[in-house]
Structures are given as C-alpha cells and as structure tokens.
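The sequence and model are shown first.

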Amino acid sequence: MIDLVIRNARVASHPGRLVDLGIAAGKIVAIESGLRADAEEGDAGGRLVAPGFVETHLHLDKSCILDRCATKDGTLDEAIRETSRAKAGFSPEDVYARAKKTLEKCILNGTTHIRTHVEVDPGIGLKGLEGVLPLVKEYAFAVDLEICVFPQEGMLNNPGTEELMLAALDRGASVLGACPYTDSDAHGQIDRIFDLARERDVDIDMHLDFSLGGKNMDLDHVCRCSEKFRWGGRVACGHVTKLSSLPPRDLDAAAARMKNAGVAVTVLPSTDLYLMGRPAQHDVVRGVAPAHRLLGHGVNCSLATNNVLNPFTPFGDCSLMRMANLYANIAQIGTESGMTDCHAMVTSRAAQLLNAKDYGVAVGAQADFVVLDCETPAQAVAEIAPVLAVYKRGKQTVSRALPQLHRPN
C-alpha cells in the first residue's frame, strides 16, 4: 500500500539513527529503519527531514509594491500612508500577479502552510481578496493557503469596512483580523471582532500593540475578551512590540495572562526590527517581542515574514529558515535548545497557532515535509540550511541541487 519511501532520513523524534519514511495516500504511514516496500524511492542522504514550514502572518496582497511608494522616514505611519496611496491603483489582476510571485517564493523555500492577511476598506473594496482567492485553489498542490481579512485603516471609524469583512468571509476568507491601533476606539474594534468571530465561528488574528513603551497595552483587553468568549486557542496577536519594553516582572505577568487566556503571539522580526526605534539617534532599541521568554511561560509563539518588498519591510526572500535565524540573532540565542525552539516557531508551534490538523513528521500525519541540508533543527537555524526538497501530501513539489565548487585543474 506504500506509494513512496524516503530513505536515510534524520528525524528529530528518532535521534541518533537514520530512518525510512513510508508514505501512502498522502500520509506518513511508517517511520522505521530498513523499511521494506515495493514503491518509488527517494534518498535523504542522512539529512534532516522536517515538517514543512508554516507561515502564520504574511501580506500577499500588498507585497512587491516598493517601486510605487516614496519611502523616506521608514516609520509605521509612513508605511501605512504610502501603502494606502498605492492601493488606489490596485486591481484584482495586479494583486494576483504580485501575490503569485511572492507565494511561489514561499513554496520554493519550503513553506507548506500559509495564513495571509488581506485588507479591506471602502477604498479598495474586495480587490485584494479577489486577487488572492484564485491562488488558494491554483496552488493547493503545494500549499494550504488560508485568508485572514482585516481592517488596516480602521473599522469603527471607517463606515462600510465591517460589511466588507463579512462579505470576504462569505466569499472564502476563514479568519477575522483586526488592527485596533488604527481605529478611533481600539477596544471597541476588539469587542466587535470578538462578537463577529463568535457569530461566524472563526479564529481571530490581530495586529496589536505595534509601538514601544509598555503602558496602555491593548493586549490586556484581548485577553479579557478571549476569556469572556472562551476563545482560548483561537486568538493570535501579531507584532506586540510593546512587550519588548516591559521589565522582567511585568513581562512575566503579561505572559501568565496570555497563557491563561489562550492567546498566542506571532513575532515578525524583519518588520519589527526595521520599523521600531526610529526616533532614536543612539542606543537604538530592537523593538522585537521576546518570543523565547514567552515560550518559557507556556505561551505559544510563532515567527513569520509579514511584509515583502513594501514600505513596511523593503526586503525579504520568503525564507522562514532565514527568519528563524534572524530572530536568534536579535534575541542573542546561541544554545542548541534555544535554536531548536526557533525552528519549532516556524514549524510545529506555528502549525499549532493555525490549528492545523495532522501536522508533523509522525505516523498518521499528512506527508508535508522538507529535506534540509543539515542534521538537526538547531543546525538548520544556525546555518540557514538550504531546502533541497519539498513534499506536499506525499508528492514532491520542489527540488534544489546542491551548489558545486569548481576547483582549478
């Protein structure tokens, strides 16, 4: 019954030995040494076979617009303003072409699950959704793509936005986002998003507390709402850069609050490092939430890309392995266990945040995995190990040859 065998694999759950993976009907059905099967074969060559990477926070609809924007100050306000101006020229066809380019970069770098945030407002309407939605089916062979619709330019202070968000849910979006710091009533927006999520029975993923200083955090209200609505495990917050400003005691208290409320955090190292601390002339802060410390308190965290080639982040190659390495540098993580945690924040922990089913390199899991040119998850992060092969539901979707050194004769 086995369709495919991947031989000589290193799997984190089977340390110290090489194993073979047996795949049938898109699932992993065996992990053992010396697997006997009459099936197609691949050889990992003693390299790490890890779960496919999980991108929890990406903006496909506004990627690759840097050439349309005037960026000078590099601030969050400027990024919002310039992107809003560029959106006036968006069409579904334009969004589709740019999003497709970015999506393929993600796939080529080993990503097999993505949550993309798509913004709506009375100015752009549903053009972003209409551009991204066809990609869900077109690239289903390589990636599970889900859409989180959110109000980048406010909701309560932007009449018609709520109706557009609900229309997006009707047409294929499956998660509700929020952006309270752009609204005239931040807590009012949070309350309304929780009301709508309960009515539609969908998860919530917010942009939250995207500034410095630890006072007046909207995170507290999100935790209260999560407990009130019993939405624990279905709420994620992106950025939360204010956490980087908290002294240890306050950070411990915030972490305990999040754990008890079931609120997860997605840290966006590239964007947060680029935008935070702009006014400082010296001793510039990093402004990146300490995900590794939150993990120690039982808070689930992921690391993600956020923006690619736009005013929020004017760079990016869609490599989550690079993002994990960047976070390890920012957080000054040098231990094997710490780097293993960074790997988990782009694989298993990220999958947990998305409530992905049947995920991992384990018997019974969906056969979504990557072959990396390394032997351990920690090594993968430390060396930004290249992705040599990607499989989705047991079918190979990506291959990459190792570079060769050409010595003189």
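Which residues of helix H3 (residues 127-138) are buried? They are Gly128, Leu129, Gly131, Val132 and Leu135.

## Basis

The model is predicted, and local features need pLDDT of at least 70, side-chain atom pairs count only at pLDDT 80 or more, while totals for chains, interfaces and linings use all residues. Residues are numbered from 1 along each chain as its sequence is written, and side-chain values use heavy atoms, with hydrogens and water left out.

## Helix H3

Buried means under 20% relative accessible area, exposed over 50%, and partly exposed in between (1.4 Å probe, protein chains only). Helices (H or I, at least four residues) and strands (E, at least two) are DSSP runs, numbered from the N terminus.

Viewed down the axis of H3, the buried residues fall within an arc of 165 degrees, so they line one face of the helix. That arc is taken from the directions from the helix axis to the C-beta atoms. The cover over these residues includes helix H2 (92-108), strand S7 (111-119), strand S8 (144-150) and helix H4 (161-171), where contact means heavy atoms within 4.5 Å.

## Aromatic pairs and charges over rings

There are five aromatic pairs in the structure. Rings of Phe, Tyr and Trp (its six-membered ring) pair if their centres lie within 6.5 Å; planes under 30 degrees apart count as stacked, over 60 as edge-to-face and the rest as tilted. One of the pairs, Tyr274 with Phe315, is edge-to-face, at 5.6 Å centre to centre and 85 degrees between the planes. Tyr274 belongs to helix H8 (residues 269-275), and Phe315 to the loop between strand S13 (301-303) and helix H10 (320-330), 41 residues apart. Phe315 is partly exposed, at 38% relative accessible area.

The charged end of Arg278 sits over the ring of Tyr274, 4.5 Å from its centre. Arg98 lies over the face of Phe90, 4.4 Å from the ring centre. The criterion is NZ of Lys or CZ of Arg within 6 Å of the ring centre and within 35 degrees of the ring normal.

## Strand S14 and its partners

The ring centres of Phe369 and Tyr391 are 4.7 Å apart with planes at 20 degrees, so this pair is stacked. Phe369 lies in strand S14 (residues 369-372) and Tyr391 in strand S15 (residues 387-392). Both residues are buried, and Tyr391 is the bridge partner of Phe369.

S14 and S15 run antiparallel, joined by four bridges; strands pair if DSSP finds at least two bridges between them. Strand S5 (residues 48-51) also pairs with S14 in the antiparallel sense, over four bridges, with Ala50 opposite Val370. Phe369 and Val371 point one way from S14, Val370 and Leu372 the other way, and all are buried. In a regular strand the side chains alternate between the two faces of the sheet.
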